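Keep the structure open as you read.

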Amino acid sequence: MINNILNKVGNTPLIPLKIQESPNLNVFAKLEFYNPTGSVKDRAACYIMNRLLNERVINKNTTIIESSSGNFGVALSAYARMHGLKFICVIDKNTLPVNEMLIRLQGAEVICITEPDEFGGYLMNRLKKVREIIDNTDNIYWVNQYGNPLNAQAYYNSLGKEICLEIPRQKLDYLFMGVSSGGTITGVSQMVKRKHPEATIVAVDVEGSVIFGREASKRFIPGIGSSIRPKILDDAFIDEIEFVSEKDTITSCRELLEKHNLYAGGSAGSVYQAVKQYFQNKAINNPVNVMCVFADRGERYISTIYNDDWCRMVQEYVERNHSKASVSV
Ligand SMILES: Cc1ncc(COP(=O)(O)O)c(C=O)c1O
């Protein structure tokens with residue numbers, strides 16, 4: 001018996017997804033929204049907090065701080081509260097109201113950045129704020145998901161292991177994962193390449209994100225993409241990169257719901273779209289096993305991806321504008 005739902009991280013369902021146009025493609029989706037606070041980020045928050053406490057890097061009087069506009073903030077606020085730790089979450093104007101509400105309800109102090117940085121986004125100013133608070137606070141620990149090796153280790157030891165265990169006798173041909181801080185793909189790819197060296201790891205990024213050297217432009221969907229290249233990715237094994245537009249992400253999210261009864265979050269739509277795009281013009285004569293990670297659920301996107309007016313606004317913006325300003329991370 002577990003003493004707290006938050007300790008029930010991982011062992012998420014793996015479901016097969018048939019893509020009509022590609023009958024030889026055996027797609028399996030790992031449904032990470034079955035984690036306690038609703039996303040893949042529980043794995044990192046739970047693991048990092050336990051490691052820090054067990055190794056006495058932090059103590060019960062330590063303040064935890066992180067810059068996050070979404071799922072990681074929600075996860076950290078829950079795990080910090082479970083351990084009785086103070087948590088400061090630096091968010092920004094683009095944070096979805098539901099995420100801000102969940103972070104606050106779980107006891108975190110929320111600092112909201114409203115001033116855009118030189119790139120038109122908020123990430124630089126969020127990080128500046130974090131450093132300012134650290135300089136003025138004793139006994140404070142910055143989780144720093146973009147550079148902390150514990151972030152990747154969390155995924156190596158949990159999601160990476162699970163993915164490998166779930167297909168022990170089968171061949172893993174491809175693994176598709178969305179990238180933002182880079183922690184998930186770094187840890188999972190290290191484990192998968194150990195157990196399935198033949199597998200091709202495909203990183204999924206969105207147009208407008210600079211992670212893989214493309215030019216920045218305005219992005220609307222949080223959770224995937226970034227306006228920096230995270231340091232943690234230096235240790236990732238990435239064979240190929242598939243870029244997806246936000247328009248196709250929206251279409252694919254809705255297709256997951258209509259065809260597969262999956263009410264999934266934005267990056268799941270990006271990943272599903274990436275799989276379809278990648279194999280679109282490839283002849284697949286033998287069965288190919290494709291694993292993909294669906295990071296969160298659709299509820300948090302009810303006012304965006306699943307809202308027709310919002311989708312029209314994005315569509316009109318894309319048609320009207322070719323802005324170079326980057327927003328959200
Ligand atoms: C919805 C969603 N998908 C994908 C990711 C990517 O994970 P990572 O930050 O480990 O690259 C995140 C991270 O916050 C996320 O919230």
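## Two helices side by side

Axes are lines fitted to C-alpha atoms, for helices over the stretch in contact, and angles run from 0 to 180 degrees between N-to-C directions. Helices (H or I, at least four residues) and strands (E, at least two) are DSSP runs, numbered from the N terminus. This is a predicted model, where local features need pLDDT of at least 70, side-chain atom pairs count only at pLDDT 80 or more, and totals for chains, interfaces and linings use all residues. Residues are numbered from 1 along each chain as its sequence is written, and side-chain values use heavy atoms, with hydrogens and water left out.

Now look at helix 1 (residues 41-54) and helix 2 (residues 71-82): they pack at an angle of about 40 degrees, with axes 8 Å apart. The pair is therefore oblique (under 35 degrees is roughly parallel, over 145 roughly antiparallel, 65 to 115 roughly perpendicular, and the rest oblique). Their contact (heavy atoms within 4.5 Å) includes Ala45 and Met49 from helix 1 and Phe72 and Leu76 from helix 2. By class, that contact has 10 nonpolar, 1 polar and 2 charged residues (Ala, Val, Leu, Ile, Met, Phe, Trp, Tyr, Cys and Pro are nonpolar, Asp, Glu, Lys and Arg charged, and the others, Gly among them, polar).

## Another pair

Helix 5 (residues 149-166) and helix 6 (residues 183-195) have axes 7 Å apart and pack at an angle of about 50 degrees, which makes helix 5 oblique to helix 6. Among the residues in this contact are Tyr155 and Leu159 of helix 5, plus Val188 and Met191 of helix 6. The tally here is 9 nonpolar, 7 polar and 3 charged.

On a 1 Å grid over the protein atoms alone, a cavity is a set of points where a 1.4 Å probe fits but cannot get out, while a pocket is an open set with protein on both sides within 12 Å along at least five of seven lines; lining residues have an atom within 4 Å of a point. Grid points are joined across faces, edges and corners, and a volume is the space filled by probe spheres set on the points.

How big is the largest cavity? Its volume is about 480 Å³. It is lined by 32 residues, with Lys41, Asn71, Ser180, Gly223 and Ile224 closest to its centre. Helix 6 gives the most to this lining, with 3 residues.

## An open one

The second largest pocket holds about 280 Å³ of space. Helix 8 (266-279) is one of the elements giving two or more residues to its lining, and helix 8 gives the most, with 5.
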